[in-house]
Amino acid sequence: MLRKRLITVLTFNDGVLFRTKDFIPDYRYTLNFVDAWSVDEIVILDVTRPNQGKRENFYNVVRQFARKCFVPLAVGGGVRTLNDFKTLLGLGADKIIINTEAVKRPEFITEGAKSFGAQCVVVSIDAKKKDDGCYEVFTDFGRRSTGLSPDEWAKKAQEFGAGEIMINSIDKDGSLEGYDLELAKIVSNAVDIPVLICGGAGLWQHFVDGFNKGKASAVCTTNIYHFTESSIKSAKIYLKNNQIDVRI
Amino acid sequence: MIVIIDYGLGNLPSVAGAVEKVGFKPLISNKINDIEKAEKLILPGVGAFADGMKNLRELNLINMLNKIVLKEKKPILGICLGMQLMCKESYEFGHHTGLGWIDASVIRLNPKDKKLRVPHVGWDDLIQVKNSLLFNNIPKDALFYYVHSFHTKCNNKDIIFGECEYEEKFTSVIQQNNIYATQFHPEKSQLHGLNLLKNFLEKG
């Protein structure tokens, strides 16, 4: 039986690991540390603002992770061209995460899927709840409103050839209050491809809720300080005790 | 020498990294000279079937591979798309002819239960249906990382050594003489994956 996945998301600013939201540098990780976890998959994102760092510094991060981590590696942030796909895959990424460029030009999803296979293309969606209770997709680090609803956009991304959807709640990101389960559910119900949910996990119970109520295929956590070597295993035991099939 | 065949569609650094990790020195190459000299070959692959065949053709590798694998019987391990390319045919976006070493067709996973999403992505079982040297030191409950929308339907059941279940059973490991293949990614399956790779490199 296919196990539910627990994914660690690491964000890098100019090659330095950062916690999301507060953008505080976090030097407490080492590569060996990451490799020792029983994490199912690793996502690394470049959150360097334009012209505020060297892309090469991020490439070095990707290269090091690829060499040391024998789990799937999804890489994103600033991917705009097929050449970016090629570069990151060449450095050892297994999947490429696209966001802003896909919103601008949905055919970019198709181009990526045609060249590298649908399983290689993860469409990341950042969404916020509006005052009227509806959700809207934002791009460019959550600054640009798009007028799209996340479920419709996810569906369209699937039609254009996405292999997986990664849905991130801008409101909950970094809050530790739990995932936006309503958002997770509407997106999961809209598509037939796997859905990864992000933003807000602070307790192990949040993972359980993400799977059961949010209908997620995978839950992501962006705050690595929850994950010392032993705690990821404990998190999985907690999931297993709550009837979620995970790899231990 | 272990040659990882570079036909433009592999996660080559990951495969090479895993080969190194288990103590072998890989060479990533698409040069006929290198492939000819290889003791063992790995045909990795991530991507679409038609592109894979097209690239192998354009690199003039098909005749060479046929000779090395079918006549000289050098051990070769196909991974994911690499496994699928070894088959007779594929129905991924149309109908395409494969290398034809394995009497099998590549067809889409099509679970009726819509909760089972496609692609089949994540950690799943390897049901060891027959003993294989690849399974040495691999526990029966070991999990491996899969990511695929298509699977290999074998006409010859004798070559099926491993299976996985996604509503219906599908083939996850093939062994036919010197030809070995896995639908999952050993290079992405941590300890058990590395062990499987090591088994192929040491004993295959």
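**Note on a predicted two-chain model**

1. Of the 142 residues that make up the largest nonpolar core, A:I96, A:I165 and A:I167 touch the most other members. The model is a predicted one, and the values in this note are to be read accordingly. In soluble globular proteins, nonpolar side chains tend to be buried together. When residues up to four places away in sequence are left aside, the contacts of A:I96 are A:V75, A:G76, A:V79, A:F85, A:L88, A:L89, A:G112, A:C120, A:V121 and A:V122.

2. Chain A contains nine helices and 11 strands. It has 248 residues, of which 51% count as buried. If one considers contacts in chain A between residues at least 6 apart in sequence, 64% of them join residues at least 24 apart.

3. Chain B has six helices and 14 strands. Its radius of gyration is 16 Å, close to the 17 Å given by the globule rule for 204 residues, so chain B is as compact as a globular protein of that length. The C-alpha trace of chain B spans about 50 × 40 × 30 Å along its principal axes. Buried residues account for 53% of the 204 residues of chain B. Among contacts in chain B between residues at least 6 apart in sequence, 69% link residues at least 24 apart.

4. The contact between the chains draws 28 residues from chain B and 26 residues from chain A. On the side of chain B that touches chain A, at least two residues each come from α1 (12-21), β8 (120-125), β10 (143-148) and α6 (190-203) of chain B. Strand β8(B) gives the most to this side, namely five residues. By residue class, the side of chain B that touches chain A comprises 13 nonpolar, 10 polar and five charged residues.

5. Chain B includes an open sheet of four strands in the order β6-β5-β7-β11, and the pairing is mixed. The edge strands of this sheet are β6 (96-97) and β11 (150-154) of chain B, each of which pairs on one side only. Strands β5 (residues 87-90) and β7 (residues 102-108) of chain B pair in the parallel sense over three bridges. B:E89 stands opposite B:S105, a residue of β7(B).

6. Some points of backbone geometry deserve a check. Most residues other than glycine have a negative phi, and most peptide bonds are trans. In chain B, the peptide bond that joins B:V118 and B:P119 is cis, with omega about 5°. B:P119 lies in the loop between β7 and β8 of chain B.

7. A:L176 is a residue other than glycine with a positive phi, near 65°. A:L176 is placed in the loop between β9 (164-169) and α7 (181-190) of chain A.

8. The position of B:K73 is in the loop between α4 (62-71) and β4 (76-79) of chain B. There are 11 other C-beta atoms within 10 Å of B:K73, so this residue is exposed.

Key. Residues numbered from 1 in each chain as written. Chains lettered and ligands numbered in written order. Predicted model: local features only at pLDDT ≥ 70, side-chain atom pairs only at ≥ 80, totals over all residues. Core = buried A, V, L, I, M, F, W, Y, C linked by C-beta atoms within 7 Å. Buried ≥ 20, exposed ≤ 12 C-beta atoms within 10 Å, placed from the backbone. Contact = placed C-beta atoms within 7 Å. Nonpolar A, V, L, I, M, F, W, Y, C, P; charged D, E, K, R; others polar. Rg over C-alpha atoms; globule rule 2.2 N^0.38 Å. Pairing = 2+ DSSP bridges.
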